[in-house]
Amino acid sequence: MMLTKSQIQSQSSVLLTFIVLDAVIMALGIFFPISNYNAIFNGVYSVLLLAYLRNNSGYWIFNILSIMFFYIFSNPKLYVLFDGFTSLLVTGLLILFTTYDFTGRDLRKIRLILLFFFILNLLLCISPSYYFYHKIEGIRRFQGIFRSANLSVSVMTIIGVAIWEIEKRISTPARKKILWLNIIALVILMFATRTRTLLFLLPYWAYQSYHFLDRRLFIFVVILAGAIFGQIIYQSLSTRMNLTGDQSTATRASIYEALIRRILKNYVVIPHGSNEAYIYIQKFTKNPEYSSHNDFLRYIYDWGIYFFFFIAYIIRLIKRNVNCNLEFYLIIVAYTPLALHNLLFLPIAWVPFCLILNIKKKIY
C-alpha cells in the first residue's frame, strides 16, 4: 500500500522523536554518567511507545505477558519494572522503525545530528584529559565522549554505520568522504581505546570499501599492506588490544564459567529473576563494580526460557521487515559484540541500530 506524503511526514515525525530523545541522552552523557538517568529515559521511551502502538494488539499482549513473567519469577520487584521497560523499548522501537518511513529531509537532519557526536568523539582523542590509566591492563585508554571507553566506542561505531547507511540512501557528494571518515575513525579508535570488539567491524567496512571505493586500488592496497606491513600490523594490534589475553580476559572467563554453571543447574530454561545475574556476580567476585560482561548470559540467567522467546520475536520482526542480505549479516556481526559490554539493548545503541534497520527495510 502506497502512503501519501502527509502519512509519510507523520510517520517520520514519530521516528524523529526517538532520534531527538537519543541525542538528548548523548548530550547529557557528556556531562553526567548515563547510568544516572538511563532508567528515566527508558520509562519515557516506553510511555511514548505505548501511545504510538496503542492499536497494535500483538505488541500489547507480548509485553503484558512479559511483565507478568518477570513479576512471577523475581524477588526484588523494582527490577521487574526495569526489565519491563527493556521489553517495551526493544520490541516497540523495532516495530516502529521497521514499519514506518522517514522523509529524505528528516534523514538529512538525522545525519547532521549523528555526525556532530561522531566527529566530537574523534576530536576528543587529542585531549589528554579524556584518557585514563587502566590498572588491571596496565595501559592508557581513550575514554571517549561519555568518559567510558567501551560505552563511547560501541555507541559511536554503530552511529558511524548509521551515518554511512543514511549517506548511501540520500547519496550526497560527500559519500566517499563519509566512508573514509569511518575507516580512519575505526583505525584511530582501535589504537586509542584498545577495545577488541572493534575487530568485529572490520568485515563490514572491508565490504563497503570494496564496493564504494575503486576496487582495483582497494585490492592493491590490501595486498601491498598485507605483504609489507602484515606482521607489523598484527604485532601492533596484538600488543595494543591484548589479543593474547590479560587479567581482564581471565576475569571475564571466570565470570562466564560461573554463570554457565548456574544456568545449567537451572536446566537453561528456568529463570533466576530480574537482576539476579548482577547480584550473583557481585557475590562471586566480592566486588560491587563487576557485572556479567555478557548480555546473552545475563538474560538467560535472569529470564530463562523467556529470553529465547524474546530473541525469536526480534528475529521474526526483522526477517519479516528487513532485507537480510550479506551486508545485513555483517552489520549484525558488528552490533552483537556490544553484548560483551552490557550495552546490547541500551537505547543510545539500540536506536541507531533500529535506524539502520529502517534504511534496510523491505519495500513492498
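Trainee: Where is S154 found?

Mentor: S154 is found in helix α6. Keep in mind that this is a predicted model.

Trainee: Is S154 buried or exposed?

Mentor: Buried means under 20% relative accessible area. S154 has a relative accessible area of 3%, so S154 is buried.

Trainee: Which residues does S154 touch, apart from those up to four places away in sequence?

Mentor: Those residues are L338, H341 and L343.

Trainee: Where does T197 lie, then?

Mentor: T197 lies in the loop between α7 and α8, the latter being residues 202-212. T197 counts as buried because its relative accessibility is 13%. Leaving aside neighbours within four places in sequence, T197 is in contact with P337, L340 and H341.

Trainee: How many helices and strands does the protein have?

Mentor: There are 15 helices and 2 strands. The protein has 364 residues, and 52% of them count as buried.

Trainee: What do the contacts say about how the chain folds back on itself?

Mentor: Take contacts between residues at least 6 apart in sequence: 76% of these join residues at least 24 apart.

Trainee: How do I read a nonpolar core?

Mentor: Start with the general idea: in soluble globular proteins, nonpolar side chains tend to be buried together. Here, the largest nonpolar core has 110 residues, and F97, W350 and L355 have the most contacts inside it. Helix α6, residues 149-170, gives the most to this core, with 12 residues.

Trainee: Which residues does W350 touch?

Mentor: Not counting residues up to four places away in sequence, W350 touches L89, V90, L93, L94, Y335, L344 and F345.

Trainee: Where is the place of F85, and is F85 buried or exposed?

Mentor: F85 has its place in helix α4, residues 78-99. With a relative accessible area of 16%, F85 is buried. Its contacts, neighbours within four places in sequence aside, are A39, N42, G43 and S46. F85 and I67 are 18 residues apart along the chain, and their C-alpha atoms are separated by 9.1 Å.

Trainee: How do I describe two helices that pack together?

Mentor: Two packed helices are described by the angle between their axes and the distance between the axes. Helix α1 (residues 5-29) and helix α15 (residues 347-359) pack at an angle of about 145°, and their axes are 9 Å apart. The crossing of α1 and α15 is left-handed.

Trainee: Which residues of α1 and α15 meet?

Mentor: From α1 they are L15, F18, I19, D22, I25 and M26, and from α15 they are P347, I348, V351, P352, L355 and N358. Sorted by class, this contact of α1 with α15 has 10 nonpolar, 1 polar and 1 charged residues. As for the spacing along a helix, an α-helix has 3.6 residues a turn, so residues three or four places apart point the same way.

Trainee: At what angle do α5 and α7 cross?

Mentor: The axes of helix α5 (residues 104-123) and α7 cross at roughly 35° and come within 11 Å. This crossing of α5 and α7 is also left-handed. R111, L115, F118, I119, N121 and L122 in α5 meet I178, L181, N182, A185 and L189 in α7. The contact of α5 with α7 has 8 nonpolar, 2 polar and 1 charged residues.

Trainee: How many residues of α12 are buried?

Mentor: Helix α12, residues 295-303, is mostly covered, with 8 of its 9 residues buried. Among them are Y299, I300, Y301 and W303, as well as the charged residues D295, R298 and D302.

Trainee: What is found at the two ends of α12?

Mentor: At its start, a side-chain oxygen of N294 reaches to within 3.0 Å of the backbone nitrogen of F296. After α12 comes G304, with a positive phi near 60°.

Definitions and conventions
Residues are numbered from 1 along each chain as its sequence is written. This is a predicted model: local features need pLDDT of at least 70, side-chain atom pairs count only at pLDDT 80 or more; totals for chains, interfaces and linings use all residues. Side-chain values use heavy atoms; hydrogens and water are left out. A nonpolar core is a set of buried Ala, Val, Leu, Ile, Met, Phe, Trp, Tyr and Cys residues joined through side-chain atoms within 4.5 Å. Buried means under 20% relative accessible area, exposed over 50%, partly exposed in between (1.4 Å probe, protein chains only). Helices (H or I, at least four residues) and strands (E, at least two) are DSSP runs, numbered from the N terminus. Contact means heavy atoms within 4.5 Å. A polar contact is a pair of N or O atoms within 3.5 Å; within protein, one must be able to donate a hydrogen and the other to accept it, and residues adjacent in sequence count only if both atoms are side-chain atoms. Axes are lines fitted to C-alpha atoms, for helices over the stretch in contact, and angles run from 0 to 180 degrees between N-to-C directions. A crossing is left-handed if the near helix is turned anticlockwise from the far one by less than a right angle, and right-handed if clockwise.
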